[in-house]
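Thanks for making time this morning. I have one structure to show, and I will keep to what can be read from the coordinates.

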Amino acid sequence: MKLDVVLGLQWGDEGKGKIVDVLASEYPVVARFQGGPNAGHSIHFEGKKFVLHSVPSGVFRDGSINFIGSGVVLDPVIFREECLAIEAMGVPVKERVVIADRAHLILPTHRIIDAASEAAKGKSKIGSTLKGIGPTYMDKTGRNGLRVGDILTPDFKERFLKLKNKHIAYLKQYDFEYDASENEQAWLDAVEYMKQFEIVDGAYRVNDYLIGGKSILAEGAQGTLLDVDFGSYPFVTSSSTSCAGACTGLGVSPHSIGKVYGVFKAYCTRVGSGPFPTELFDETGEQLRQKGFEFGATTGRPRRTGWLDLPALKYAVMIDGVDELIMMKADVLDGFDTIKVAVSYEVGGKQTDEIPYDVYAEVKPVYREFKGWKCDLTKVKSEDQMPSEFKEYIKFIEDYLKVPVRIISLGPDRDQTIVRN
């Protein structure tokens, strides 16, 4: 069997949670391969809304296996809160969630380091969610981290205190007040809760799923333009959000990758600092924010908004090897007379369709304008009901990217989804 991948192609918040939930019925296994509780995957069904931070988005499907891979970083407290909320809905979460023993743990002191580091940056801050994710990945690459498998060892408490003390020594460089023992007992209690889950060697288990005939849907967090290697560095996340991250985060070979789904909004949003060429600072931007309810699912922060950026989208498609596109939130554009799409940039007096290396470069988008469809797309139930203006918008995107738009979401609910032939 193959492992198919769902990825965000922008700066995150594209709506991947809904799509994974929709597709999960076709996959016995859904796997998270990177990121941490800074992810906020919103799922709407049966008139309810649930936001998942660490648990894969297939958890509400009967009989599903939801695998948390080695590339993920887990905060035990947030994980426990999320699982208890899922259990309260009658979902047997302990039966459906499996955790890789090589996934790293976020300590309370990681969150303190995150806050101290961000405060010290002043105006140069990157817009961290302050969940301790960056410092946890720093410990991972610095070979100091604690992993989920460590909680099963007899000297776990000693390992925990050793890393905590290392963090306290590190924090001496900052003028930042904190209490190193704050939330510590809650964290240790949550670690005990985690022991109730099946903890396995991730690489062996995932490959056993594939060999045994179980297809896997790998669920990306954040978006390709936030990739630590290929995103708008340093305004990026700390993990590999591209398709390659599915291999390193789950322990599978590139040969195992099947279909790659690329998820994008019909416009753009971004949370935190960093370049955003098509950003709107006017009433149009606010209209996008309000109608699209563009506020962080995890933080509640207002998202920056702007028109669709096709050069950036084409870059992400190239990096990820996208086979099929999934368009989200086109219904948010229903009320606009004119809709714009960036087709190239002006950088230093020259026109280009490539993203510049310098994140501080002055980039002026070159737009193509489209006539708005001025109708309620949420009531559209099939492709033949789509207005001609919307079809033209889709076709232009497909022609530019050379990839088909296979799925279109026209509302938050599972049923508001059109699969095109």
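Predicted model: local features only at pLDDT ≥ 70, side-chain atom pairs only at ≥ 80, totals over all residues.

Strand β1, residues 3–8, runs parallel to β10, residues 216–219, and four bridges join the two. Within this pair, L3 is opposite I216 of β10.

V30 has N66 as its bridge partner in β5.

Which way do the side chains of β2 point? V29 and A31 point one way, V30 and R32 the other, and all are buried.

On to the cores. The largest nonpolar core has 62 residues, and L3, F67, M327, L333, F390 and Y393 are those with the most contacts inside it. Helix α12, residues 388–401, supplies the largest share of this core, seven residues. A second, separate core has 34 residues, among them I43, I86, L107 and L163. Back to L333: leaving out residues up to four places away in sequence, L333 touches A266, Y267, L288, W307, I339, W373 and Y393.

Next, helix α4, residues 108–121. Its 14 residues reach 21 Å from first C-alpha to last, close to the 20 Å expected at 1.5 Å a residue. Its buried residues are P108, T109, H110, I112, I113, D114, A116, S117 and E118. What covers them? The cover includes β8, α5, α6 and α7. Just after α4, G122 takes a positive phi of about 60°.

Then there is an aspartate in the loop between α5 and α6, namely D150. Is D150 buried or exposed? D150 counts as buried because its relative accessibility is 11%, and the cut-off for buried is under 20%. The D150 side chain makes a polar contact of 2.7 Å with the side chain of R159. Apart from residues up to four places away in sequence, D150 touches G145, F156 and R159.

Last, the backbone. Most residues other than glycine have a negative phi, and most peptide bonds are trans. Here are the places to check against that. The peptide bond from Y233 to P234 is cis, with omega near 10°, and P234 lies in the loop between β10 and α9. D13, in the loop between β1 and α1, has a positive phi of about 65° although it is not a glycine. K329 has a positive phi of about 60° and is not a glycine either; its place is the loop between β15 and β16. D13 counts as partly exposed at 27% relative accessibility, and K329 is partly exposed at 24%.

That is the end of my part.

Conventions. Residues numbered from 1 in each chain as written. Heavy atoms only, no water. Core = buried A, V, L, I, M, F, W, Y, C linked by side-chain atoms within 4.5 Å. Buried < 20%, exposed > 50% of the residue type's maximum accessible area, 1.4 Å probe, protein only. Contact = heavy atoms within 4.5 Å. Pairing = 2+ DSSP bridges. Expected span 1.5 Å × (residues − 1). Polar contact = N/O pair within 3.5 Å; in protein donor to acceptor, adjacent residues only side chain to side chain.
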